[in-house]
Amino acid sequence: MSGIEANFDGLVGMTHNYAGLSTGNEAAMNHKGQESNPRKAALQGLMKMKALSDMGLVQGVLPPQPRPNLPALRQLGFTGSDEQVLNKVARYSPSLLSYLSSASSMWTANAATISPSADSADKRIHFTVANLNNKLHRSLESVTTSRALKATFPGEDYFAHHDPLPQHADWGDEGAANHNRFCNEYGEAGVQLFVYGRKVLHEGVTPTRYPARQTLEASQAIARLHQLDDSRTVFAQQNPVAIDCGVFHNDVISVSNRNVFFHHQQAFLSQQSVLAELREKMARLGQTLVAIKVPTEQVSIKDAVESYLFNSQLLSQPGGNMMLILPEECRQNQNVSDYLQRLVTEGNSPINKLHFFDLRESMRNGGGPACLRLRVVLNEKELAAVNPATLMTPELYQRLVSWVEHHYRDSLYMADLADPQLLNEVYSALDELTQILNLGSLYEFQR
């Protein structure tokens, strides 16, 4: 059965702020304490979603999470009314309040790892929610993420939903940001590439400056849960040098679409062996890998991190050619801009079109176009089973824009997170959003 790749983007939450919480993410750390604009951030994300939908691609929407996280604060012993809890934690530790107010669920590339039915033994789409246990603010997302995915992809006939792996560093899982899939056509069986930063049960090299968030053992566990055949899975270690340069997830140094792999020269440890294994396993399926290597001499790792070249979306156009959805920062970096022009004008590259988007609010917090989206390969029956209220249409776009303009603030500092009125605004907005997207009682405050 033929298939398509849908992109489900996260709506930016109302507490979008620059708290610099993510060690290893240099953009996030460099903008700590600056003023953010949640309204602009949400509208920038929606504009990208609408543009892809207008191009004829299937585009979905995933909801933000309620923040500040009052249940977690109460679990930590802060008591009283909501206002009293916020006041107490703000006096105790503004940093703790910022952790529990993060809008990081907007980056849905970390929401889960997904394997399509064409690859899984039981012929269902498998979702494993990421535990994200390397960062406190992200580790608290999994319960609501699981509910949101089940409300978006309901029923067990086509969708198998797995709980996160154990909340321990040995099973650190960062979701689809460390996962790629290769195939000639979306609906065909493919080869899945799981990228990790370190091994737990075996010796190996690790980065020395920044943490390696994904473990080999976590990736292997997900492959087992998704009922994947060993002959169609590849496990590759990310280059520790790249991690120490700010490549905190693999989607900051490589991106794939169908049989095309757009990657940096220094993306992986033992890179030639990784590519050889991918070619061999794809060849068994009658498929050919097209590897586009970006040389260090043209684009350094520093250039890649600053511009988020590889955190672009590589998408198929009607007719078979591919395009890159890029942040404006790629146009502003001279080395990256020069490389991209050569890519689309010289040789026989399958990538022949570039689209640039202003996503500065997300970029300043360390998330580009690919961070904002979760890829889901669906056949016709599976697409028909998706919650239709979550799929982008011109009507839904206008409704969400109106919702954002009505509810979101256009300025936010870290100190504003203690404002009890902000919490009321969040609850009111999300209650309305669950009705717009037909998500049911998704949040704890609705119970």
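1. The model is predicted: local features need pLDDT of at least 70, side-chain atom pairs count only at pLDDT 80 or more, and totals for chains, interfaces and linings use all residues. Residues are numbered from 1 along each chain as its sequence is written, and side-chain values use heavy atoms, without hydrogens and water.

2. Start with the largest nonpolar core, of 78 residues. Such a core is a set of buried Ala, Val, Leu, Ile, Met, Phe, Trp, Tyr and Cys residues joined through side-chain atoms within 4.5 Å. Buried means under 20% relative accessible area, exposed over 50%, partly exposed in between (1.4 Å probe, protein chains only). Leu-46 and Leu-400 are among the residues with the most contacts inside this core.

3. Next, helix 2 (residues 38-54) and helix 16 (residues 394-407). Helices are DSSP runs of H or I, at least four residues, and strands are runs of E, at least two, numbered from the N terminus. The two axes (lines fitted to C-alpha atoms over the stretch in contact) come within 10 Å and cross at roughly 175 degrees. Angles run from 0 to 180 degrees between N-to-C directions, and those over 145 count as roughly antiparallel. Helix 2 and helix 16 are therefore roughly antiparallel.

4. The count of salt bridges is 16. Each has a side-chain nitrogen of Lys or Arg within 4 Å of a carboxyl oxygen of Asp or Glu. Glu-174 pairs with Arg-213, with the closest N and O atoms 3.8 Å apart. The pair ties together parts that are 39 residues apart in sequence. Both Glu-174 and Arg-213 are buried.

5. Arg-284 bridges to Glu-280, at 2.8 Å between the closest N and O atoms. Arg-284 is exposed, at 53%; Glu-280 is partly exposed, at 44%.

Conventions: Angles under 35 degrees count as roughly parallel, over 145 as roughly antiparallel, 65 to 115 as roughly perpendicular and the rest as oblique.
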